Amino acid sequence: MTQKRAEILLASVIAARATSLLFSKIAMNGMGIFNLLAARFLMAFVLLAVVFFKRLRHIKRHTLVRGAIMGGLFFLMLSTELTGLKSTPSSTVSLLENTAIILVPMAEAVLRHKLPKAATAVSALVAIGGVALLTGQSGGFTPGMVLAVMAAVLYAAAIITTDRFSHEDDPLTLGIVQVGTLGLLALVSSFVFEAPHLPQSGTQWLMIAGLAVICTGFGFTLQPVAQSHTTAQRAGLFCALSPACATLLGAAVLREHISVMGMCGIALILLSLLVPQLWQLAEKKGITLLPRHAVPAVRRA
């Protein structure tokens, strides 16, 4: 698979997963968070296990361990995401969570002992301004917004971990193990903290089926496949698609209201997510956005 095709697949995966906030918001009316995650991911795992049974028969121990680590990170990320989603609009959760696009290159710079690129620093400043406006419309940071930021940190960790493992192992098998691990962790958590039960209505079954097939079977499983042919930094850039889709779906389907200040904050965060791409495009055209001697602290890594 070429990098271009991998990135088209990654864009499709992230756009598909953006619908998960909509499905989850509806399905959580009557279902606990862990109960919902267990139903979604175990259903997806069963489907994937049937389709890829021959591949899973020969799974190696290191693949199992790596897939379990990925599944554990995504379990923590989704648990905080859904908890925040119960009290916060889906568009806000998606926007804050996908600031992982900024956290990934910054974390990579730290891990590689290099300074972040200038574009990353500018993205961070613009995003901070957007978050400030979003918190202003809510009268400050709400618990749901704090959880969304925590989800962003966990999402960044998951992207970097997936990048490392998917280049060293079978990405499809990793994705399947990741889904199964997440479903198992959610099931155990549901028995410990909730009273698990099957979906009680046709709507809940429909939402969970959508989550299992579209967001999990396609989204979660194929992300390692797509990331195995690109970099963690490039994968982070595609996070910009998720909040855009979630905002449109939240306004159209859930009738979520956003104030003028909130809309300005959303615009700034979306802009911050696109800054690296715009910066790269300008550099390709020979446009110098910052003098080399002006900001030595943010020189290119």
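1. In this predicted model, a network of salt bridges links Arg66, Glu168 and Asp169. Across the whole structure, a search finds 4 salt bridges.

2. One of the salt bridges in question joins Glu168 to Arg66, with 3.3 Å between the closest N and O atoms. This pair connects distant parts of the chain, 102 residues apart: Arg66 belongs to helix 4 (residues 61-85), while Glu168 sits in the loop between helix 8 and helix 9 (171-193).

3. Arg66 also forms a salt bridge with Asp169, at 3.2 Å from N to O. Because Arg66 lies in helix 4 and Asp169 in the loop between helix 8 and helix 9, the pair ties together parts that are 103 residues apart in sequence.

4. Arg164 is partly exposed, at 27% relative accessibility, whereas Asp163 is buried, at 8%.

5. The surface also carries a nonpolar patch, formed by Leu103, Phe141, Val146, Val149, Met150 and Val153. Together these residues have about 470 Å² of accessible area. Which helix gives the most to the patch? Helix 8 (residues 143-166) does, with 4 residues.

6. Val146, a member of the patch, lies in helix 8. Its relative accessibility is 38%, so Val146 counts as partly exposed. Patch membership requires over 30% relative accessible area, and the value for Val146 is 38%.

7. As for the overall architecture, the protein contains 13 helices and 0 strands. Read from the N terminus, the order of elements is α-α-α-α-α-α-α-α-α-α-α-α-α.

8. Of the 301 residues in the protein, 51% are buried. The protein exposes about 14,000 Å², and carbon and sulfur atoms supply 69% of that area.

9. Finally, the contacts within the chain deserve a remark. Among contacts with a separation of 6 or more, 90% are between residues 24 or more positions apart.

Technical notes:
Residues are numbered from 1 along each chain as its sequence is written. This is a predicted model: local features need pLDDT of at least 70, side-chain atom pairs count only at pLDDT 80 or more; totals for chains, interfaces and linings use all residues. Side-chain values use heavy atoms; hydrogens and water are left out. Helices (H or I, at least four residues) and strands (E, at least two) are DSSP runs, numbered from the N terminus. Buried means under 20% relative accessible area, exposed over 50%, partly exposed in between (1.4 Å probe, protein chains only). Contact means heavy atoms within 4.5 Å. Accessible areas come from the Shrake-Rupley method with a 1.4 Å probe; for residues, only the protein chains shown count as cover. Patches are made of residues with over 30% relative accessible area and no salt bridge: like charges are joined within 9 Å, nonpolar side chains (Val, Leu, Ile, Met, Phe, Trp, Tyr) within 5 Å. A salt bridge is a side-chain nitrogen of Lys or Arg within 4 Å of a carboxyl oxygen of Asp or Glu.
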